[in-house]
Amino acid sequence: MSKKESFGSRFGTIAALGGSVVGLGNIWRFPYLAGENGGAAFLLVYFFVSFLIVVPLMIAEFGIGRRGGHNVFGSLSRLTGSKYWSKVGYFGILVCFFIISFYSVVAGWALDFLCEAVMGSFKGVTAEVMRQRMDGFIADGSGSVAWALLFILATAAIVVLGVKKGIERYTKIMMPMMVLLLIGLSVYSILLPNGAEGVRFLFKPDFGKINGHVILVALGQAFFSLSVGMGTMVTYGAYIKKSENLFKVATAVSLSDFSVAVLSGLVIFPAVFSFGINPTSGPDLIFITLPQIFGQMQGGYVISIVFFFMVFLAAITSSISIFEVLAAFLLQEFNLKRRTAVIWVILALIVSSSATALSMVPGSSLKLFGYNLFDLLNDASSIWMLPLSAFLMTVIAAWVLDKKLFREEITTHGKYGVRLYPYYLFMLKYIVPVTIVLLFLNQIRII
Ligand code: TRP
């Protein structure tokens, strides 16, 4: 294997990790879930489950990666020394492959919309017209495929440069840029007539809206949005410096995730309320509802360009991290050069992403169990595979790994978080696995 790669600075570490967690999950998924599940009440629940349930597992993944020093499979097999437990690593890699296959399709749409925004084609559109355009675009298939492949190549172009010179260097530029654009957009949105209504929706909780289902939706969203449960954080964990405080890094990373979710809400809800639209329009929110709003608002031309460019930045810093899970695995386990590993991943993704995009074309035969591949991967990965893989990862961290070694790594050799550790371990051993099981049972509609 080539010499060990790592992040250079704390800011770079947080930019790369923040880049992974902040993505379509925050800008596309979070607002529509919050819209459907009571706004402020959902935000509040999201905050608690992120910090209490998901962050402990994130810290464990960092520890496994840093101690194992390898990709998710390599780290698990070195640390557990077991043929069986290391298979959990294969599973994580498979899920990452599935996720990036549909993630690149959605990110490709964002690129297409960026292009449309530049051409000014949202002017005066109605939701009806947007829906027809979107359906037409998906039905054609070739556009979807081309944009998804372009997105994959852009991702690969950064990953191929390596951890420090590629991932860290570019996320250090892209993340602050993305956050600045988002702040600018939110100020504009809040100042729209009646924008305050949207702010109220996001911040004034109606506690009556909180129920078991809402909590579990928030939990599922937190896993996805914090990139936890399938090895991304193990892979990146291997690049975290030996002297770094893992509790601090995880807090900074999850606070960025939360802030960006709030900021996206502050961009979307004031605009939605200002134009008298219902905030519960689901996954269509950013691709159908927003363009309609951009088409009517003053300055909508510039705003739409800024918005879709920002979505692109958020998406690519996340896809870099998923791509890296696959590349690091090939590179380390098969002793390949980084470039060769990246080429293999590109080839695999050309097939899987194209198939995913084409499976959405009406009448396509790319179907399994009656679902098209897009819905299958999107649902299968978040409903079935994510909780399962997160559960197994928790069991390994809390029950299988050597207790002394695990404590040593999580507390950075007794330097940080020593007093917190017993509480931390309690959460990881009992609360986290139990809530994941509940999440799973809820998602397969048993509770
Ligand atoms: N967290 C990213 C988002 O919010 C997506 C993502 C990146 C991810 N890596 C992941 C999701 C690993 C699950 C697992 O868009």
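In the predicted model, Thr 356, a residue of helix α15 (residues 338–358), is in contact with Ser 101, Phe 102, Val 105, Leu 373, Phe 374 and Leu 377 once its neighbours within four places in sequence are left aside. The relative accessible area of Thr 356 is 0%, and the residue is therefore classed as buried.

Helix α7 itself comprises 18 residues (142–159) and extends 26 Å from its first C-alpha to its last, close to the 26 Å expected at 1.5 Å a residue. The residues of α7 that are buried are Gly 143, Ser 144, Val 145, Ala 148, Phe 151, Ile 152, Thr 155, Ala 156, Ile 158 and Val 159. As a general point, residues three or four places apart point the same way, because an α-helix has 3.6 residues a turn.

Helix α12 (residues 246–274) contains 29 residues, which at 1.5 Å a residue should span 42 Å, and this agrees with the 42 Å that separates its end C-alpha atoms. Of these 29 residues, 23 are buried, so that α12 is largely enclosed by the rest of the structure. The N-terminal end of α12 is capped by Asn 245, a side-chain oxygen of which lies 3.0 Å from the backbone nitrogen of Phe 247. Beyond the other end, α12 is followed by Gly 276, for which phi is positive, near 65 degrees.

The surroundings of α12 can be described through its packing against other helices. Against helix α13 (residues 285–296), α12 packs at an angle of about 55 degrees, the two axes being 10 Å apart; the two helices are therefore oblique to each other, and their crossing is left-handed. On the α12 side this contact involves Ile 268, Ala 271 and Val 272, which meet Leu 285, Ile 286, Leu 290 and Ile 293 in α13.

With α8, the axis of α12 comes within 8 Å at a crossing angle of roughly 35 degrees, and the passage of α8 across α12 is left-handed. This contact is formed by Met 178, Leu 182, Ile 183, Leu 185, Ser 186, Ser 189 and Ile 190 of α8 together with Val 260, Leu 263, Ser 264, Leu 266, Val 267, Pro 270 and Ala 271 of α12.

The axes of α9 and α12 come within 7 Å and cross at roughly 135 degrees, and these helices are therefore oblique to each other, with α9 passing α12 in a right-handed crossing. Contributing to the contact are Gly 195, Glu 197, Gly 198, Val 199, Phe 201, Leu 202 and Phe 203 of α9, and Val 262, Gly 265, Leu 266, Phe 269, Pro 270 and Phe 273 of α12.

Several loop residues were also examined. Asn 194, located in the loop between α8 and α9, has a positive phi of about 70 degrees although it is not a glycine, and it counts as partly exposed because its relative accessibility is 48%. His 413, in the loop between α17 (403–410) and α18 (421–443), likewise has a positive phi, near 55 degrees, in a residue other than glycine; at 54% relative accessibility, His 413 counts as exposed.

Asn 211 is situated in the loop between α9 (195–203) and α10 (212–225) and is partly exposed, its relative accessible area being 39%. A polar atom of the Asn 211 side chain lies 2.8 Å from the backbone nitrogen of Val 214. Asn 211 and Glu 333 are 122 residues apart along the chain, and their C-alpha atoms are separated by 45 Å.

Notes. Residues numbered from 1 in each chain as written. Predicted model: local features only at pLDDT ≥ 70, side-chain atom pairs only at ≥ 80, totals over all residues. Heavy atoms only, no water. Helix = DSSP H or I, 4+ residues; strand = E, 2+ residues; numbered from the N terminus. Expected span 1.5 Å × (residues − 1). Buried < 20%, exposed > 50% of the residue type's maximum accessible area, 1.4 Å probe, protein only. Polar contact = N/O pair within 3.5 Å; in protein donor to acceptor, adjacent residues only side chain to side chain. Axes fitted to C-alpha atoms, helices over the stretch in contact; angles between N-to-C directions. Parallel < 35°, antiparallel > 145°, perpendicular 65-115°, else oblique. Left-handed = near helix turned anticlockwise from the far one by under 90°. Contact = heavy atoms within 4.5 Å.
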